[in-house]
Amino acid sequence: MKIQYNSHSKQMRYDKAYLRMAKEWGSLSYCKRKQVGALIVKDSMIISDGFNGTPTGFDNCCEDENGDTQWYVLHAEANAILKVSKSANDSRGATLYITLSPCKECSKLVLQAGITRVVYMNSYKDDSGLKFLEQAGVETVQLSDLD
């Protein structure tokens with residue numbers, strides 16, 4: 001379900017701040033085509049973070065010689081969800097802040113992780129992940145302007 005809210009609300013201010021932090025976190029990615037950052041926030045605390053990149057132990061090269069993304073590159077939200085699963089934190093009822101909306105594969109992870117709200121900056125080329133989340137009752141909010 002897509003939500004609209006007052007542009008001067010306290011929630012909007014926090015959403016923009018967390019998205020700015022997710023954007024900064026994405027800058028740590030070694031990927032050249034897209035640098036995507038994600039934060040998972042619950043009860044006003046950041047409980048996990050992630051950015052797109054290769055699995056642990058792999059060379060930090062996300063693209064092949066043609067500039068295409070390697071198949072094994074993990075998306076930012078997948079990394080954040082995997083990271084929170086290794087901690088004592090629980091993502092049920094949390095908000096995912098991400099610089100690029102989830103793809104259809106990651107949207108399944110978001111739903112299964114119990115995340116109930118997704119705030120994103122830019123839309124992924126295929127919107128079926130967002131449609132899936134909205135159909136499942138996950139609140140989605142796009143905030144492109146962070147000023």
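Leaving aside neighbours within four places in sequence, Thr 99 is in contact (heavy atoms within 4.5 Å) with Leu 19, Ala 22, Lys 23, Gln 35, Val 36, Gly 37, Met 121 and Asn 122. The model is predicted: local features need pLDDT of at least 70 and side-chain atom pairs count only at pLDDT 80 or more, whereas totals for chains, interfaces and linings use all residues. Residues are numbered from 1 along each chain as its sequence is written, and side-chain values use heavy atoms, with hydrogens and water left out.

Thr 99 belongs to strand 3, residues 95–100 (strands are DSSP runs of E, at least two residues, and helices runs of H or I, at least four, numbered from the N terminus). With a relative accessible area of 6%, Thr 99 is buried (under 20% relative accessible area, 1.4 Å probe, protein chains only). A polar atom of the Thr 99 side chain lies 3.1 Å from the backbone nitrogen of Gly 37.

The whole structure holds 1 disulfide (a pair of cysteine sulfur atoms within 2.5 Å). This disulfide joins Cys 31 and Cys 62, with 2.2 Å between the sulfur atoms. Cys 31 is in the loop between helix 1 (10–26) and strand 1 (37–42), and Cys 62 in the loop between strand 2 (45–51) and helix 2 (76–85), so the pair ties together parts that are 31 residues apart in sequence. The disulfide is left-handed because the torsion about the S-S bond is about -75°. Both Cys 31 and Cys 62 are buried.

Cys 103 is in no disulfide; its nearest cysteine sulfur is that of Cys 106, 3.8 Å away. Cys 103 is buried at 8% relative accessibility. Cys 106 is likewise in no disulfide, and is buried with a relative accessible area of 5%.

Methods
Buried < 20%, exposed > 50% of the residue type's maximum accessible area, 1.4 Å probe, protein only. Polar contact = N/O pair within 3.5 Å; in protein donor to acceptor, adjacent residues only side chain to side chain.
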